[in-house]
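Welcome! Please take a moment with the sequence and the 3D view below, and then we can walk through the structure together.

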Amino acid sequence: MDAVYQALVKIVGEDYASNRPEELFTYSKDLGTSEPKFPDYVAAPKTAEEVQKIILLANKKKVPVVPLGGGMSLAGLALPLQGGIALDLKRMDQIIELNEKARYVVVEAGISNGKLTAYLHKHYPHLMHSEPGAPPAATIGGNIAIHGQGDMAHPYGFNSDMVNGMEVVLPTGEICKFGSCSIGSGWYTLHPLPDIGLFLGWNGSTGIITKISLRLFPCKKIREMDLFVVEDEGLIPDLLYELTHVGMAEDLIAFTSAIPPFMDGVHHISMNITGDTEEEMEFKRHLLLDGKLARYIQDGTGGIGAVSQDIQRPQISKSADWKKGGGFEYVGSIMPVTAYPECYRRGAEISTRHNIPYTVLGRVIGSAHAMMFSWSYAFNRADPETVRHAREALHETDSLVLELGGTIWKPAVFGQKLMMDRMDSNTLQMMKKVKNLLDPNGIMNPGNWEVNE
Amino acid sequence: MFQLKFDETKCFACETNDCLTKCQYLKIDPDTAKIEIKKIINKKDSFVLHECVTCYACEEYCPTGNHPFYLIVQRQEELNILPLPDPLIKRGIRIGIPFRGEPDIQEIKGPALNLGVFSSLATLTRGKLFEGLTLMSADSRKMFHYFCQLMYLHFGRISVINERLEKIIETIAAHKVKEVVHFHDECYGTYTSYAPAFGFAVPFKSIHLFEYLYNRLKELKSEIKPLNFKVAYQRPCSSRLSSDKYQFVDKIFDLIGAEHVKREYVGENALCCGGTILGQKKKGSRQFSLDLQKKNIDDMQRAGAQICVFNCPACMQTIGKPVAKKGMMPVFMSDLCRLAIGEKTS
């Protein structure tokens, strides 16, 4: 019998370890365009101690470990590029503590966004967390690890900016805590301790996040979306600047797409607004629509696109597959808001070249400090030619991101290489040192963020 | 080319100038009205062209059936005085473009039911009331082939309607229908008011939903249990194109035992839902729209309405929620009728 499999069974139990092809197949796939990559084993631990034991085993046997949550990055970030153990964290889904007055919740990293949302809705309806645009099965840990962003929370920044503390199993097996929890206090802040931010954005190649303290925010009773429409994409940066100055919207997203036809070449800004009363809602709308946007309406360059609508969540993942081919993948980037016009124009060109209707979107982060700009490419899973086109379009877009002065968000290996090729050499060397120090046997999600020179 | 059949001599001879003096949104005295009508007829700029909220009501107010509203919209386009910001017009015009294949044309024997662009309302057309009617198309991918296009009256774009309407009529006629019940006032108004006004041939007979419902309810009279609700009716703009059918609102209410509450803004004085006004260019339009909605809904509430009845999905979308927040249930007319014969509503 396979010794690694036997050891995994001993750690997590027979029901939660597998080397059967049908289960390995499930973990070999990503929802995007990545080629399948098979793990050799799958293990689903329940505790940080089980994770620790698996890591110690992997070091001993020199077997790669690839942690994953919902597996919904679309970018193949949780695919086992060099085989090994796919470490499915979804059983680690407990809510450990919720501090209402300090507005934070401590959760196990494998908890789904949907579960936390449902829990808050039921027990603390006046609190919310920043939910990503991904489907509810996406995990908190996965989204934090990729620097995700959430609906209704753009003023607060990235979801990873909302971390108050973490528990991490290091690649050598030690269980570490970071933030106020590390000195025995509550999990209420990550600061002002020495900066040890080594685990976010590394695609699980520096450690496995097992617990997270997450900031919560006031959840208002009324949540509605207003829409503003302009034809000139050049107006978008100014509009976002004006709207973030007022600061009344919980989300600002600019978007356009080739399909349906009414969207083509017309840029929509959705403004999510919340309030506890109609008066609060109208106060906010008045400042936005009658204040900052009035001049655009009166000079005819912009208009209120629709009567206010209830917000449907998740907003972003519903909109990309207009081609109805069953698949889409996108390049996300973190961009200066001023790049919106060029991002749209160049993205539409790439789409046209690959015969894919364009779908682009820029979600404001912070007070327009940046935007997450995405280019979505739809494909038909049953048609390899459309998958090839989508893949090529994605690679072209990765290059475009850097050309336009942006940073690729949750890059796959191709995008990681593009960025490392441009990276300051001292920074690159430091990344290499950090990686070697933390993961001397190179077992953690190998193939990701590997500095080769 | 389709041209508006407009007889200017009727306007010059008109003693009332009701088209403008009765307007609830522009306060115009008879002398001013006479001057402004003349300007509009003569293709001159008029403040009416800038301030019109495009509520269609002047079509109903005109005592001679001379289509003042169509003329106003035509002049707005000719003089490039557009009521909405440009991006909304561009976007709006593209809304009507079919993009998911050709319509499935099948011969329909007997009367047909046309949902126009509102395929999502197909759930409203279930039950005994609609037995015997064949739904022309409820495919959301194909609905734009049945879109009557009249919405572009709000956009100052007569030309778009005139470019596309013939094709829409051809599509409906391809089903070889003799009689078509139009679910929405807008479609009915297109084929019975707009089309003849501009010289479009319509090779099928159009039936207004309310007339159809009334006749069908009479056939099902034994199954009606009086509702005993006090109801208000939100009259849509396009009903102004078929004011002769407005009588069926009260006839239906009487038949199903609903009390049409006495209110200020009813019948000819009905107020616009404000949906279009919300997006207009004119300064303060949004606030004007909100004030209008408040005036309208307060009036319903003061009159003691328990239910607000709609026929237009756009009106429902615009004020359905505010109506509900005031404690009145928003209900489509067809659903109210289904309720009266003991069916569950959608």
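## Domains of chain B

In this predicted model, the centres of domain 2 of chain B and domain 3 of chain B, taken over C-alpha atoms, are separated by 22 Å. The assignment divides chain B into domain 1 (8-78), domain 2 (95-209) and domain 3 (212-340), with bounds that come from an automatic or database domain assignment. Residues are numbered from 1 along each chain as its sequence is written, chains are lettered from A and ligands numbered from 1 in the order in which they are written, and the model is a predicted one. Local features need pLDDT of at least 70, side-chain atom pairs count only at pLDDT 80 or more, and totals for chains, interfaces and linings use all residues.

How many residues of domain 2 of chain B are in contact with domain 3 of chain B? There are 21, and they meet 20 residues of domain 3; here a contact means that the C-beta atoms of two residues, placed from the backbone, lie within 7 Å. On the domain 2 side that touches domain 3, helix H9 (185-198) and strand E4 (205-208) of chain B are the elements that give two or more residues. H9(B) has the largest share of that side, seven residues. By class, this side of domain 2 holds ten nonpolar, eight polar and three charged residues. In this scheme Ala, Val, Leu, Ile, Met, Phe, Trp, Tyr, Cys and Pro count as nonpolar, Asp, Glu, Lys and Arg as charged, and the others, Gly among them, as polar.

## Chain B as a whole

Chain B contains 14 helices and eight strands. Both kinds of element are DSSP runs numbered from the N terminus, with at least four residues for helices (H or I) and at least two for strands (E). Along its principal axes, the C-alpha trace of chain B spans about 55 × 50 × 40 Å. A compact globule with 346 residues would have a radius of gyration near 20 Å, and the 20 Å of chain B agrees with that; the radius is taken over C-alpha atoms, and the globule rule is 2.2 Å times the number of residues to the power 0.38.

Of the 346 residues in chain B, 51% are buried. A residue is buried if 20 or more other C-beta atoms lie within 10 Å of its own, exposed if 12 or fewer, and partly exposed in between, with C-beta atoms placed from the backbone. Among contacts in chain B between residues at least 6 apart in sequence, 73% join residues at least 24 apart.

## Strands and a residue in chain B

Strand E3 (residues 179-182) of chain B pairs in the parallel sense with strand E1 (residues 112-114) over three bridges, and E3(B) also pairs with E4(B) in the parallel sense, over four bridges. Two strands pair if DSSP finds at least two bridges between them. B:Val180 in E3(B) is the bridge partner of B:Ala112, while B:Glu179 stands opposite B:Lys205 in E4(B).

Is B:Asn296 buried or exposed? B:Asn296 counts as buried because there are 24 C-beta neighbours inside 10 Å. You can find B:Asn296 in helix H12 of chain B. Leaving out residues up to four places away in sequence, B:Asn296 touches B:Tyr265 and B:Leu271.

## Where the chains meet

The contact between the chains takes 20 residues from chain B and 20 residues from chain A. On the side of chain B that touches chain A, helix H7 (86-95), helix H12 (285-302) and helix H13 (313-325) of chain B each supply at least two residues. H7(B) gives the largest share, seven residues. This side of chain B divides into eight nonpolar, five polar and seven charged residues.

## The sheet and domains of chain A

Eight strands of chain A form an open antiparallel sheet in the order E17-E14-E16-E15-E19-E20-E18-E21. Strand E17 (302-310) and strand E21 (407-409) stand at the edges with a single partner strand each, so one side of each is left without a neighbour in the sheet. Inside the sheet, strand E15 (residues 251-257) of chain A pairs with strand E19 (residues 359-365) of chain A in the antiparallel sense over five bridges. A:Val360 in E19(A) is the bridge partner of A:Thr256.

Chain A is assigned domain 1 (3-88), domain 2 (95-218) and domain 3 (222-410). The centres of domain 1 and domain 3 of chain A, over C-alpha atoms, are 36 Å apart.
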